[in-house]
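Open the model in your viewer and keep the sequence panel beside it. The stops below are given in the order in which to select them.

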Amino acid sequence: MRFFSKEELKTLWPFYVDGLLMILFFIMPFMFLYFSALGFSATQIGILFAIWPLASILFEIPTGAIADIYGRKFSVVLGLLLNGIFMIMLSFFTNYFWIILLMALMGISMTLTSGSFEAWVVDLLKKKKMENFLNGFFSKRQSIMNVGIILSGFLGAFLVSIFGLGIIWIAGGASFLISAFFYIFAEEDHEKKDIKFKDSFKEIWKQSKTTINYGYKHSALFYLFIIAFIFSISTTLRGFIAWTPFLTSFGFKEAWFGLLWSAIGVVGFFAPLISNKLLKKGKEKNLLIIASIIGIVQGIFVILFNNLYLLIPTLLMGTFLLNFRTPIRMTYFQRFIPNELRATMGSVRGLLIGIASVIGLSLSGLLVDLIGGRYTLVVSASLMIPMIILYLRIREDKEIK
């Protein structure tokens, strides 16, 4: 069986190429180490990481509305260009407050892509009568991204050993700039609204208000927003801020984090392919509940295991779950949204995730300093319990046909 069809590749190739550019995005495993080398504490690093989503909160919904009004392609390309520039600039600053400013600017620029990317793909495929490729797109792109991660771990370890940790920002920024270039060639189905610039802010506010009201009154979307909020806190609590000091306490070497990143990519490649095989319309909620239950089991393993050979597979279990559920939750969320609100609704969700990330990242660094990485990870796993309860309360009778 072919991985891509000719028709699919003709339409979606820029989106897949963008996923492969994760080969240059080996920032994640080295970020904690980079900022630690600058002398920052875990609490300071947690606050620093939280600046990105904090800065995006005030701009998340308006930029989503901009994409609905002026076009997803314009919004995504501009966001990628700005983010790439600001990320490269990070390699030239070591002062804490200058770094905070640049992280804030990256957070603001990334709101231009939040919600817009998914809406761009969904609307394009619907217009071309290619909805049958939608589920496969999210799964395939997730796997392709993880191919990039596999390669980036080795590339990152090599480049860091030669140029030092500062190279992570230059490579990461380059990945955004190259992605922006390829997206110039992507198709877009968008009818630009004839709105004068002076009236655009009024239209943006109207679009945002309509979207928020719709999501609040929709039984399924309301619970999915709350779940996204809780899950984002859980995800940030179990990130590298917690895992890095936890693994180093068992003698995990600094250079090994590049290899670990590659292993994460291997697991991440297969996880969405497996979820795509299991994903059937009407079964999304059950799969998400099962993934949440396994997340609780992972927390139990963190408590019980005191050996690197057992802890590494436990970490990779979390990676599997994250990549397994990503295409499922994207497909499930899009089921309940009308086309005219799709990008703005994604940005409303992004806004909630941004607020949750600020809370989670700030709390993560503080908890690591107070109770250590192990119990921070346990707290993260315990948040799966309220998520399961909320999934069980969702009614699926308001799906958009």
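Does Arg-335 count as buried, partly exposed or exposed? Select Arg-335: its relative accessibility is 10%, so the residue counts as buried (buried is under 20% relative accessible area, exposed over 50%, partly exposed in between, with a 1.4 Å probe and protein chains only).

This is a predicted model, in which local features need pLDDT of at least 70 and side-chain atom pairs count only at pLDDT 80 or more, while totals for chains, interfaces and linings use all residues. Residues are numbered from 1 along each chain as its sequence is written, and side-chain values use heavy atoms, with hydrogens and water left out.

Arg-335 lies in the loop between H15 and H16 and Glu-284 in helix H14, so the pair ties together parts 51 residues apart in sequence (helices are DSSP runs of H or I, at least four residues, numbered from the N terminus). Glu-284 is buried too, at 2% relative accessibility.

The structure holds 4 salt bridges. For another of them, select Glu-8 and Lys-140, whose closest N and O atoms are 3.0 Å apart. Glu-8 is in helix H1 (residues 6-20) and Lys-140 in helix H8 (residues 134-163), so this pair joins parts 132 residues apart in sequence. Glu-8 is buried at 1% relative accessible area, and Lys-140 is buried at 15%.

Next, show helix H14 (residues 284-304) with helix H15 (residues 308-334). Their axes come within 10 Å and cross at roughly 160° (axes are lines fitted to C-alpha atoms, for helices over the stretch in contact, and angles run from 0 to 180 degrees between N-to-C directions). H14 and H15 are therefore roughly antiparallel, a term for angles over 145 degrees.

Move to helix H2 (residues 28-37), where 7 of 10 residues are buried. Among them are Phe-30, Phe-32 and Phe-35. Gly-39 follows H2 and has a positive phi, near 95°.

Finish at Phe-250, in the loop between helix H12 (240-248) and helix H13 (256-278). Phe-250 is partly exposed, at 26% relative accessible area.

Notes:
Helices (H or I, at least four residues) and strands (E, at least two) are DSSP runs, numbered from the N terminus. Angles under 35 degrees count as roughly parallel, over 145 as roughly antiparallel, 65 to 115 as roughly perpendicular and the rest as oblique. A salt bridge is a side-chain nitrogen of Lys or Arg within 4 Å of a carboxyl oxygen of Asp or Glu.
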